[in-house]
Amino acid sequence: MAAVVIQRKWHTTAEVAEMLGFGLSKTKMLVLTGEIRSVKVGRNRRILPAWVDEYVERITGGTEGWAA
């Protein structure tokens, strides 16, 4: 029988903070202000990977290979 790999569909705020290299409090503030979309599931917030990508696209202006 083949093993089934289940991929996570949702991320926690802490996971998103780690992915973006932000602190947890900054990420929570982005979620609370709506900068990063999320849904509330019980007492917890969950974030779709596509919503993280949306945020990154929006703050970078959708440019690839940008330089300071």
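Which residues does Thr13 touch, not counting residues up to four places away in sequence? Keep that in mind while you load the model.

**Before you start**

This is a predicted model: local features need pLDDT of at least 70, side-chain atom pairs count only at pLDDT 80 or more, and totals for chains, interfaces and linings use all residues. Residues are numbered from 1 along each chain as its sequence is written, and side-chain values use heavy atoms, with hydrogens and water left out.

**Stop 1: the whole chain**

Show the protein chain as a cartoon. Three helices and two strands make up its elements. From the N terminus they run α-α-β-β-α. Helices (H or I, at least four residues) and strands (E, at least two) are DSSP runs, numbered from the N terminus.

Of the 68 residues, 21% count as buried. Buried means under 20% relative accessible area, exposed means over 50%, and partly exposed lies in between (1.4 Å probe, protein chains only).

Contact here means heavy atoms within 4.5 Å. Take contacts between residues at least 6 apart in sequence: 40% of them join residues at least 24 apart.

**Stop 2: Thr13**

Select Thr13, in helix H1. Its relative accessible area is 11%, so Thr13 is buried. Here is the reply to the opening question: Thr13 touches Leu24, Thr27, Lys28, Arg45 and Ile47. Next, draw a distance from Thr13 to Ile36. These two are 23 residues apart along the chain, with their C-alpha atoms separated by 9.9 Å.

**Stop 3: H1 against H2**

Select H2, residues 24–32. H1 and H2 pack at an angle of about 110 degrees, and their axes are 9 Å apart. That makes H1 roughly perpendicular to H2. Axes are lines fitted to C-alpha atoms, for helices over the stretch in contact, and angles run from 0 to 180 degrees between N-to-C directions. Angles under 35 degrees count as roughly parallel, over 145 as roughly antiparallel, 65 to 115 as roughly perpendicular and the rest as oblique.

The crossing of H1 and H2 is right-handed. (Right-handed: the near helix is turned clockwise from the far one by less than a right angle; left-handed: anticlockwise.)

Show side chains. From H1, Thr13, Ala14, Val16 and Ala17 meet Leu24, Thr27 and Lys28 of H2. By class, this contact has four nonpolar, two polar and one charged residues. Ala, Val, Leu, Ile, Met, Phe, Trp, Tyr, Cys and Pro count as nonpolar, Asp, Glu, Lys and Arg as charged, and the others, Gly among them, as polar.

**Stop 4: H1 against H3**

Select residues 13–20 for H1 and 49–60 for H3. Their axes come within 12 Å and cross at roughly 40 degrees. H1 and H3 are therefore oblique to each other. This crossing is right-handed.

Which residues line up here? Val16, Met19 and Leu20 in H1 meet Val52, Tyr55 and Val56 in H3. The contact divides into six nonpolar, no polar and no charged residues.

**Stop 5: His11**

Step back to His11, in the segment before H1. His11 is buried, at a relative accessible area of 16%. Leaving out residues up to four places away in sequence, His11 touches Val16, Met19, Arg45, Arg46, Ile47 and Pro49.

**Stop 6: Asn44**

Finish at Asn44, in strand S2 (residues 44–46). Asn44 counts as partly exposed, with 40% relative accessibility. Draw a line to Thr12. The pair is 32 residues apart in sequence and 8.0 Å apart in space, C-alpha to C-alpha.
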